[in-house]
Amino acid sequence: MPGLFIDVEMDESARGDVELARKLEEVCPVDIFKATDAGVEIVEQQLDECVLCELCLEAAPPGAVRVVKLYEGTALERN
Ligand code: SF4
């Protein structure tokens, strides 16, 4: 089930980056990112566990990841 409060969006090219997938899997404290052979998988049932730590934004290239706060219509992103 997708998150009610949080969504994580990824740029299409970043989503297929296997190395980035491993990094994201490592940094996210609540396991929202899963590394697969095809790149990054977003673990939907974990989305609402997001603690807005921004570690995923710091680990990814600018613009690659957005953490959307569905409850207030804003997003965390790195430009
Ligand atoms: S902000 Fe933190 S908790 Fe939320 S998805 Fe990124 S790394 Fe995970």
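On a 1 Å grid over the protein atoms alone, a cavity is a set of points where a 1.4 Å probe fits but cannot get out. A molecule sits in a cavity if more than half of its atoms lie within 2 Å of its grid points.

This is a predicted model, in which local features need pLDDT of at least 70 and side-chain atom pairs count only at pLDDT 80 or more, while totals for chains, interfaces and linings use all residues. Residues are numbered from 1 along each chain as its sequence is written, and side-chain values use heavy atoms, with hydrogens and water left out.

Select the ligand. The space that the ligand takes is the largest cavity.

Go to isoleucine 32, in the loop between α2 (18–27) and β2 (33–36); helices (H or I, at least four residues) and strands (E, at least two) are DSSP runs, numbered from the N terminus. Isoleucine 32 counts as buried because its relative accessibility is 2%, and buried means under 20% (1.4 Å probe, protein chains only). Its C-alpha is 8.2 Å from that of glutamate 49, 17 residues away in sequence.

Finally, select leucine 52, in the loop between β3 (39–42) and α3 (55–59). Leucine 52 has a positive phi, near 55°. Glutamate 54 lies in the loop between β3 and α3, with phi near 70°.

Note on methods. On a 1 Å grid over the protein atoms alone, a cavity is a set of points where a 1.4 Å probe fits but cannot get out, and a pocket is an open set with protein on both sides within 12 Å along at least five of seven lines; lining residues have an atom within 4 Å of a point. Buried means under 20% relative accessible area, exposed over 50%, partly exposed in between (1.4 Å probe, protein chains only).
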